Amino acid sequence: MEGVRVPIACALILLAISSITSASIVEHTFNVQNLTVSRLCKRQVITVVNGSLPGPTIRVKEGDSLVIHVLNHSPHNITIHWHGIFHKLTVWADGPSMITQCPIQPGQRYAYRFNITGQEGTLWWHAHASFLRATVYGALVIRPKSGHSYPFPKPHKEVPILFGEWWNTDVVALEEAAIATGVPPNNSDAYTINGRPGNLYPCSKDRMFSLNVVKGKRYLLRIINAAMNIQLFFKIANHRLTVVAADAVYTAPYVTDVIVIAPGQTIDALLFADQSVDTSYYMAAHPYASAPAVPFPNTTTRGVIHYGGASKTGRSKPVLMPKLPSFFDTLTAYRFYSNLTALVNGPHWVPVPRYVDEEMLVTIGLGLEACADNTTCPKFSASMSNHSFVLPKKLSILEAVFHDVKGIFTADFPDQPPVKFDYTNPNVTQTNPGLLFTQKSTSAKILKFNTTVEVVLQNHALIAAESHPMHLHGFNFHVLAQGFGNYDPSRDRSKLNLVDPQSRNTLAVPVGGWAVIRFTANNPGAWIFHCHIDVHLPFGLGMIFVVKNGPTKSTTLPPPPPDLPKC
C-alpha cells in the first residue's frame with residue numbers, strides 16, 4: 001500500500017504546484033482623463049481611459065489575480081465596476097459608487113485588487129459613477145487556465161465587438177439635468193461599434209469598424225452591449241452565428257442569424273467565414289425598442305467584414321447589408337433570450353439549487369415622484385416594489401455594513417409588493433392613481449449566508465410597459481423561466497427549467513412580462529441589484545442585497561483596504 005501512496009502524493013503535489021505556477025498577477029494602469037475627439041461632424045470633450053474609446057481590453061486567465069491602478073486625472077468623480085466578476089471576498093473592489101466605495105475624486109488614485117476564479121468568457125469593465133459609462137468602458141476577456149481548452153472548436157482569432165452610444169454633448173451635464181427635472185435625458189445621436197459610428201452617420205464614412213477574415217477560418221466574436229439605454233439587434237449579412245456563451249457562462253451551442261443583446265450583457269459567438277471572397281459583408285446593429293410609445297434613436301451602426309484572397313477584377317467589392325428585424329420585434333427578441341440553455345457539465349457549470357429559502361416577487365418599472373415643488377413636478381421615478389432607490393451621500397453601504405453604522409440604509413426591502421394590482425394593465429391607474437407614486441428610500445434585503453433566493457421579476461405598465469435589463473452584482477443567477485403578462489404561480493411554476501437553464505448576471509425581463517431567477521447567496525457583502533438602463537438607476541430602479549458572513553474566515557467579509565477612497 002505504501003508503494004501506491006507515494007506516486008499519488010507526488011501527483012497531488014505536482015498538480016498543486018502546476019495550479020499555482022499557472023496563475024499570474026496581471027497589472028494595469030488606468031489613466032482616466034478628458035480627451036477631445038471628432039464624431040458626427042463635431043469636436044467633443046469626453047472622459048476616457050488611456051486616451052482611447054473604448055478603453056483597453058484586459059486579458060487574463062481563469063485563476064489569475066488582477067491589480068488595476070486607477071489614476072483620476074479627469075474633473076469628475078469616478079469608480080470602475082468589473083461587470084460580472086464574482087469578487088469572492090473582494091467585494092471592496094466591485095466599484096459601484098456609494099455602494100461598495102466612495103468615488104475616486106479628481107487628482108486621487110485607487111488600486112482595485114481581485115481574483116478571477118470560477119469564470120471564463122467575456123465580461124467587461126465600466127464607470128459606475130454618473131453617465132461616464134457612455135465613454136469609460138472596455139472588454140475583460142477571461143481565457144481558460146493553462147492546460148485547459150474551450151468547449152468548442154478553437155477559433156482562428158478572437159475579436160471584441162463593443163456596442164456603445166454617442167452623444168454630441170457633455171453626458172455628465174445631461175444626467176444632472178435629467179435628475180434635476182425628473183425628465184429622461186435626450187436620446188443619443190449615434191450607436192457605435194468599437195467606438196466608431198459607421199458610414200450611415202454624417203462625417204463617418206471613414207469611421208467604421210472593419211474586420212478582415214480568411215475563408216474557412218472560425219472567429220470568436222466577444223460581443224458586449226456597452227450602450228447606455230438601448231437593447232440591440234445584431235446581424236451579419238449572409239452569415240450565421242453560433243452562440244457558445246452568455247455573460248461568461250458557457251451555453252449549449254445555439255445557431256442563429258440574429259443576436260439580441262441588452263445593456264450590460266455579453267455574448268460569445270462563433271463566426272465561420274464561409275462566404276464568397278468577392279463580396280464584403282456589413283455587420284449592423286439597431287435598437288430593439290420594447291416600449292414603442294417611448295421615443296428612441298432609430299438609427300443603425302455598422303461595420304464591415306472583408307475576405308482576403310479576392311480575385312483581381314479591378315472593381316471594388318459589392319457590400320451586402322443584412323436585413324435587421326423591426327425595431328418592435330418582441331417575438332424575435334423573446335425567442336433569442338429564452339432559447340439559450342446551459343452547457344451541462346461544461347467548465348464551471350453550476351446545477352440549479354433545488355431547495356429555496358427565500359421567495360420574493362419584485363415589481364419593476366417607472367412611476368412618479370410626489371414632491372412639493374410644482375415647477376418640476378411630476379418627476380419620473382423608477383422603483384422596485386414601489387421602493388425608489390436613493391444613493392447614500394455620507395458613507396458607502398458596504399462600509400456601513402462592515403462598521404455597523406446606522407442611518408445609511410434601511411433593512412426593509414419587502415418580499416412582496418406593498419400593493420397587489422393588475423401589474424401589466426396600463427389602465428389600472430384610472431381607478432387607483434395612487435399606484436403611480438413611489439417611496440424614496442435606500443432599501444436592502446438582508447440574507448443569511450448560503451441562502452438560496454428565488455426572485456420573480458414582474459414588469460409593470462404604470463407609465464409604460466418595457467423590457468428592463470436587470471443586473472445583479474457579485475453573482476450569476478439561473479433564469480428558470482420567463483413569459484408575458486402577470487406571473488401566475490398556479491400556471492407558471494410548471495414552466496421552470498431546473499435541468500439546463502441559462503445562467504447570467506444581466507437579464508432582460510420581457511416587456512409586459514416576468515422572469516423567475518434563482519441564486520445562492522454565498523458571497524458576503526453588499527450587492528446592488530439594478531436596471532442597467534443608466535437613466536433608470538438615477539431615477540431609483542435598484543435595491544441592495546446584504547449577505548451576512550458565513551461560519552468561517554473564508555466566508556467572512558474582510559476589512560476595507562487602507563487606501564479605500566473617502567467621501
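1. Between domain 2 and domain 3, about 2,200 Å² of area is buried, and carbon and sulfur atoms give 58% of this; buried area is the accessible area (1.4 Å probe) that two parts lose on being put together, summed over both. D247, Y334 and Y337 supply 22% of what domain 2 buries against domain 3, more than any other three residues.

2. The model is predicted: local features need pLDDT of at least 70, side-chain atom pairs count only at pLDDT 80 or more, and totals for chains, interfaces and linings use all residues. Residues are numbered from 1 along each chain as its sequence is written, and side-chain values use heavy atoms, with hydrogens and water left out.

3. The protein chain is divided into domain 1 (23-141), domain 2 (155-337) and domain 3 (356-553), with bounds from an automatic or database domain assignment. The centres of domain 2 and domain 3, taken over C-alpha atoms, are 29 Å apart. Their contact (heavy atoms within 4.5 Å) takes 28 residues from domain 2 and 27 residues from domain 3.

4. One salt bridge is found across the interface of domain 2 and domain 3, the term being a side-chain nitrogen of Lys or Arg within 4 Å of a carboxyl oxygen of Asp or Glu. The side chains of D247 and R504 meet in a salt bridge at 3.2 Å, N to O.

5. Strand β4 (residues 65-72) pairs with β6 in the antiparallel sense over seven bridges, and H69 stands opposite A111 in β6.

Notes:
Two strands pair if DSSP finds at least two bridges between them. Helices (H or I, at least four residues) and strands (E, at least two) are DSSP runs, numbered from the N terminus.
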